[in-house]
Amino acid sequence: MKFSPLIPLSLVFVVVCSSSSLWIAASSSINHEEFIQCLLHHSPDTYLITKLVHTPINSSFSSLLNFPTRNSRFSTPNTPKPLLIITPSNISHIQAAVVCSKSHGLQIRIRSGGHDFEGLSYVAYHQFIVVDLINLKSVTVDVEQSTAWVESGATLGELYYKIGKKSRTLGFPAGICPTVGVGGHFSGGGYGSLLRKYGVAADNVIDAYLVDANGEFHDRESMGEDLFWAIRGGGGGSFGIVVAWKVKLVPVPATVTICSAKRSLEEDAIKLIDQWQYVANKLEEELFLAIFWNGGKVSAQEGGKINPIALFFTLFLGNVNELMAILNKTFPELGLTKEECKEKSWIESAASAANRFQIEDQPLEALLNRTPITHGSFKLKSDYVKEPMTKAAIQGIWKRLESQDIEGVTLAVIPYGGRMNQISESKIPFPHRAGILYQIGYILGWEEKGVEAEKRHLNWIREIYSYMTPFVSKSPRAAYVNYRDLDIGSNNKYGKINYKQACVFGSKYFGNNFNRLVKVKSDVDPYNFFWHEQSIPLSSDHMV
């Protein structure tokens with residue numbers, strides 16, 4: 001078995017021999033001293049692991065718990081807190097954490113970047129620990145083979161930075177936000193501005209290192225193709241802890257073009273959005289033309305009037321003259337000008353796009369900044385559209401974006417087509433392929449404190465989601481698993497998982513792939529050690 005040079009693995013199997021195949025339920029509450037003693041017993045480097053365990057009596061506990069948390073809805077005094085946080089620096093620490101959690105009847109939550117918008121990677125309602133992968137963030141790029149090994153605690157920005165430092169003609173098709181953790185992003189598919197050319201991130205994963213529910217280590221060969229299939233888009237926290245991913249890097253031209261064009265109501269934004277629906281998914285696969293549709297109080301103009309803005313963001317794998325020739329023929333109504341565009345290398349375009357989809361130059365080191373651009377509370381939802389909406393429907397959305405009740409909202413409208421039409425919906429668990437015109441992400445954020453503010457914002461996003469029902473996919477109404485949304489269904493938060501109940505959200509996220517995911521789950525984790533409110537359930541005949 002071959003091991004990655006970026007993970008110390010000499011002691012990787014030490015704890016496995018003591019692992020039990022049964023999850024022993026806790027008969028009483030566990031204190032952190034007992035758990036630490038278990039970790040010391042099962043870890044080969046006892047001195048180091050004590051430095052990586054953070055309990056509520058440590059000054060580091062609160063800052064570590066809250067720093068990566070992108071959603072203050074789940075960092076209140078009433079939010080359940082873990083027994084402890086462990087920040088492993090090699091695989092043997094993760095193995096010890098799994099073995100000890102299992103033997104003590106503790107739940108385990110796995111966090112890479114903290115962008116789980118329902119808090120499922122760091123909140124539970126049964127006594128639990130958090131395995132925070134922040135120390136496992138190495139990236140090793142092999143330019144000759146066009147591959148990279150990246151640990152799950154790395155961010156997308158760190159991955160892009162390392163690629164860009166080695167080559168200006170290699171890239172990777174993942175998300176635009178640089179602070180997103182690789183582990184969660186890849187686990188759910190992971191879309192970005194190269195999806196029309198190269199698919200989603202998980203389409204380009206070619207190997208992985210995983211610790212399973214028995215604390216055993218696997219690579220692709222030893223885990224088998226079914227489990228390897230499941231972890232590439234089946235959602236995080238169901239099958240094991242993926243420690244590292246081997247990815248296939250993709251060729252990009254030395255020069256790409258990015259554009260950022262803002263259009264208001266007075267500039268025919270509604271008409272342009274309507275026309276965009278008939279154009280964006282049919283463009284050359286080298287051309288990504290998305291809409292980021294902003295509203296709420298952050299869009300207030302003089303006099304307090306809300307003036308939503310439609311930002312048309314473009315990434316084109318070519319020069320600006322080629323881009324202009326294409327859009328002047330296919331979408332002249334947009335009126336895109338060269339002044340709204342800039343030629344860059346791919347890595348430079350990634351740094352610029354990360355700055356709120358702007359084209360101004362940014363230092364590449366900005367990709368390494370883990371501090372989020374925004375703070376506060378968030379709620380996300382998602383939809384997939386298969387038929388163009390009517391112009392009246394778009395006007396209804398625009399009206400809702402003029403609301404004074406919300407602070408700030410972005411509708412991220414992402415074109416599909418191109419390569420996405422060519423990949424089978426069953427290649428990986430991420431099923432959203434041919435027939436999808438575009439994806440919508442409803443991203444609502446607010447900084448106002450208090451129960452009433454939260455209720456007002458949640459009511460707003462739930463109302464627009466209800467309004468959109470006639471215009472989006474049906475039977476099921478599809479959703480993107482990385483935009484976790486407990487409104488569409490959940491397991492019991494105290495752990496009683498029902499297959500039929502889980503089918504409600506599972507079919508929305510995974511379509512026809514859901515039952516295969518259930519079978520894999522039942523085979524590799526038959527005692528349901530890895531679970532959360534939207535984890536993959538066991539099949540009915542495996543329920544224990």
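**Contacts, cysteines and backbone**

Modeller: A polar contact of 3.3 Å joins the side chains of His54 and Thr87. Bear in mind that this is a predicted model.

Colleague: Okay, is His54 buried or exposed?

Modeller: His54 sits in strand 1, residues 53-54. Leaving out residues up to four places away in sequence, His54 touches Ser60, Phe61, Leu64, Leu84, Ile85 and Thr87. Its relative accessible area is 13%, and the cut-off for burial is under 20%, so His54 counts as buried.

Colleague: Now the cysteines. How many disulfides does the structure hold, and how are the bonded cysteines paired in sequence order?

Modeller: There are two disulfides. One joins Cys38 to Cys100, S to S 2.1 Å, and another joins Cys259 to Cys341, S to S 2.1 Å. Number the bonded cysteines along the protein chain and the pairing reads 1-2, 3-4.

Colleague: Is the disulfide of Cys38 and Cys100 left-handed or right-handed?

Modeller: The thing to look at is the torsion about the S-S bond of Cys38 and Cys100. That torsion is about -90 degrees, so the disulfide is left-handed.

Colleague: And how many residues apart are Cys38 and Cys100?

Modeller: This disulfide joins Cys38 to Cys100, and the pair links distant parts of the chain. Cys38 belongs to helix 1 (residues 32-42) and Cys100 to helix 4 (residues 91-103). Cys38 is buried at a relative accessible area of 10%, and Cys100 is buried at 0%.

Colleague: What about Cys259 and Cys341: left-handed or right-handed?

Modeller: Here the torsion about the S-S bond is about 105 degrees. With that value, the disulfide of Cys259 and Cys341 is right-handed.

Colleague: Which strands does that disulfide link?

Modeller: The bond joins Cys259 to Cys341, which lie 82 residues apart in distant parts of the chain. Cys259 is buried with a relative accessible area of 0%, and Cys341 is buried with 9%. Cys259 is in strand 12 (residues 256-263) and Cys341 is in strand 15 (residues 341-344), so the answer is strand 12 and strand 15.

Colleague: I also spotted Cys177 and Cys503. What is the relative accessible area of each?

Modeller: Cys177 comes out as partly exposed, with a relative accessible area of 35%. Cys503 is partly exposed as well, and its value is 22%.

Colleague: Let's go back to strand 12. Which residue makes a side-chain polar contact with Arg263?

Modeller: Arg263 lies in strand 12 and is buried, with a relative accessible area of 8%. Not counting residues up to four places away in sequence, Arg263 touches several residues, among them Ala269, Leu272, Phe312, Trp398 and Glu340. The side-chain polar contact, at 2.9 Å, is with Glu340.

Colleague: How are the C-alpha atoms of Arg263 and Ile309 separated?

Modeller: Arg263 and Ile309 are 46 residues apart along the chain, and Ile309 is one of the residues that Arg263 touches. Their C-alpha atoms are separated by 5.9 Å.

Colleague: What is phi of Phe357?

Modeller: Phe357 lies in the loop between helix 12 (346-353) and strand 16 (377-385). Its phi is positive in a residue other than glycine, near 60 degrees.

Colleague: Last one: how do helix 15 and helix 16 cross, and by class, how many residues make the contact?

Modeller: The axes of helix 15 (residues 499-510) and helix 16 (residues 514-524) come within 9 Å and cross at roughly 125 degrees, which makes helix 15 oblique to helix 16. Helix 15 contributes Tyr499, Ala502, Cys503, Gly506, Ser507 and Phe510, while helix 16 brings Phe514, Asn515, Leu517 and Val518. By class, that contact has seven nonpolar, three polar and no charged residues.

Definitions and conventions: Residues numbered from 1 in each chain as written. Predicted model: local features only at pLDDT ≥ 70, side-chain atom pairs only at ≥ 80, totals over all residues. Heavy atoms only, no water. Axes fitted to C-alpha atoms, helices over the stretch in contact; angles between N-to-C directions. Helix = DSSP H or I, 4+ residues; strand = E, 2+ residues; numbered from the N terminus. Parallel < 35°, antiparallel > 145°, perpendicular 65-115°, else oblique. Contact = heavy atoms within 4.5 Å. Nonpolar A, V, L, I, M, F, W, Y, C, P; charged D, E, K, R; others polar. Disulfide = S-S within 2.5 Å. Buried < 20%, exposed > 50% of the residue type's maximum accessible area, 1.4 Å probe, protein only. Polar contact = N/O pair within 3.5 Å; in protein donor to acceptor, adjacent residues only side chain to side chain.
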